[in-house]
Amino acid sequence: MAMETNNTPALRFPGFAEEWEEKTLGEVFKTYSGGTPDTTKKKAYYGGTIPFIRSAEINKEETELFLTQEGLEKSSAKLVNKGDLLVALYGANSGDSAIAKINGAINQAVLCLQSENSNVFVQNFLQHNRELITQKYLQGGQGNLSGEIIKSIRVPFPSSKEQQKIAACLSSLDALITEAVKRLEWLQQHKKGLLQQLFPCEGSNTPELRFAGFTGEWEEKTLGEVLSYIQPTPYIVESTVYDPAGTPVLTAGKTFVLGYTDEADGIFTNLPTIIFDDFTTESRYINFPFKVKSSAIKMLTLKDDNNDLYFLYSLMSTIDFTVGAHKRYWISEFQNLIVSIPSLPEQQKIASCLSSLDTLLEKQQERITLLKTHKKGLLQQLFPHH
C-alpha cells in the first residue's frame, strides 16, 4: 500500500511504487469515428454480413443492422476489431465506453481508440469517471461529445505491467458479474416458463403442469370476487432519507421506493398485500410496513381465507393489464377480469414453488448488486482521485 499523491492510487499491487504519468488520450491512442451509409439505398448498403455497431450497441455481441461490403466502401463507416476501445459520443448513453466484443463497423456516434496500452485499463478509468467527464464536457445541453473532447481527456498511466495487473483484476471481477447476470437471466426465463405451465392458457381451465394429487378443473372467478381493493391515502412527502432503517415510501413507476422516512403517521401495516401500480401495470407482493406517495398505487388484499395471496400475486403477473394505449383499472375492467383458480391446497403448492424461486431471484440480484458495489469501491482505490 502506498501513500496517495495526485497521480498515485490508494491501492497498489506489490512491486509497483513509481508515480503514474498523466497523458491525454490523444497522445496515447489513434482515434477515429465512422459514418452511416445512405439509408435510401437499403438494398445495396444494408442486409449484408458486417455488424453495424451503433452507440447503444458498443457493449453488445449482436447488432440490429448489418452492412454490405458496398455499404462499407461507399460510406464513412469504419471497421473496428474485437478488443478495441469504443466510446459513445451521442445519444442517451453518451460517454459510455466498452471493449468491442465483435468485429464490425461503426457510425459517427462511436469513437474507436487503438493503442499498445491496456484498453481494459483505460475503459475502466473512463467508465469510472463517466459522470465527471460528461458534466465537464457535454456541449450545449445536447448530450453529445466529440472525438476532440475524448482525445483531450487526461488519464494517469502507470507502467504497462501495472496496467495489465489492474486490467486482469478488474476483468476477473467483470467475469463474475457477467456470470451472475447470466444466471439471473436464466432464473428469470425459468420462472417465465414455469408461469406458462403452472397457469392455464387462454381457453383452458387446467394448466399444463400440475403437482401430484391434483386433477380437478380450476374454477372461474373474477378478481373482484377474491381480492379487496384499497386506495391508500398518499403520504405528503416533505422529506425522505435514504436510510433503509426507516419506513419505505412507495411511488408509482420504475423507481417504486422513493426513499425512507422516520415519521410514524400513515404507515400501512395490513400485510401481506399486493401493490398494483397503474403507471407500469405491474404488481408486487409486499410484506413490510410502508407509506404511499402516489395515488396511482392500489392495495389488494384477500377477501377471505379460501385463497392464497402469493398465488393470486403470481397469477396477476401472467396477465397483460394493458389494452392498446389504455390501461385496465380496478374500478372499471380490473375487478371484472375472469381468472381460473384451483383449490386452496393447490394454490399453496404453486405459491410455495414460485415463492422459493422468487427468493433465489432476489438473492441473485443481491449478489449482482454486491459485486457491482465491490467493483465501484475497488475502482476508487485502484485509480488516483481527481
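Colleague: Is Lys 74 buried or exposed?

Modeller: Relative accessible area settles the matter: buried means under 20%, exposed over 50%, and partly exposed in between, with a 1.4 Å probe and protein chains only. Lys 74 has 54% relative accessibility and therefore counts as exposed. Please keep in mind that this is a predicted model, in which local features need pLDDT of at least 70 and side-chain atom pairs count only at pLDDT 80 or more, while totals for chains, interfaces and linings use all residues. Residues are numbered from 1 along each chain as its sequence is written, and side-chain values use heavy atoms, with hydrogens and water left out.

Colleague: With which residue does Lys 74 form a salt bridge?

Modeller: Side chains of opposite charge can pair when their charged atoms come close. The term requires a side-chain nitrogen of Lys or Arg within 4 Å of a carboxyl oxygen of Asp or Glu. For Lys 74 the partner is Glu 70, with the closest N and O atoms 3.3 Å apart. Glu 70 is partly exposed, its relative accessible area being 33%.

Colleague: How many salt bridges does the structure hold?

Modeller: There are 14 salt bridges in the structure. Arg 54, Glu 57 and Glu 64 are linked in a network of such bridges.

Colleague: Which parts does the salt bridge of Arg 130 and Asp 96 tie together?

Modeller: The N to O distance between these two side chains is 2.7 Å. Arg 130 belongs to helix α5 (residues 130-137) and Asp 96 to the loop between β6 and β7, so the pair ties together parts that are 34 residues apart in sequence. Such labels denote DSSP runs numbered from the N terminus: helices are H or I of at least four residues, strands E of at least two. Arg 130 is partly exposed at 23%, and Asp 96 is partly exposed at 23%.

A further pair is Lys 254 and Glu 282, whose closest N and O atoms are 2.8 Å apart. This pair also links distant parts of the chain, for Lys 254 sits in the loop between β13 (247-250) and β14 (257-261) and Glu 282 in strand β16 (residues 282-286), 28 residues away. Lys 254 is exposed at 65% relative accessibility, whereas Glu 282 is partly exposed at 30%.

Colleague: Where does Ser 94 lie, and what does its side chain reach?

Modeller: Ser 94 lies in the loop between β6 (85-88) and β7 (97-99). With 4% relative accessibility, Ser 94 counts as buried. A polar contact is a pair of N or O atoms within 3.5 Å; within protein, one must be able to donate a hydrogen and the other to accept it, and residues adjacent in sequence count only if both atoms are side-chain atoms. The side chain of Ser 94 reaches the backbone oxygen of Leu 89 at 3.0 Å.

Colleague: Why is helix α9 described as largely enclosed?

Modeller: Of the 8 residues of α9 (residues 309-316), 8 are buried, so the helix is largely enclosed by the rest of the structure. Among them are Leu 309, Phe 311 and Met 316. At the start of α9, a side-chain oxygen of Asp 308 comes within 3.0 Å of the backbone nitrogen of Tyr 310.

Colleague: How many disulfides does the structure hold?

Modeller: A disulfide requires a pair of cysteine sulfur atoms within 2.5 Å, and the structure holds 0. The sulfur of Cys 201 is 18 Å from the closest cysteine sulfur, in Cys 353, which is too far for a bond. Cys 201 is exposed at 56%, while Cys 353 is partly exposed at 25%.
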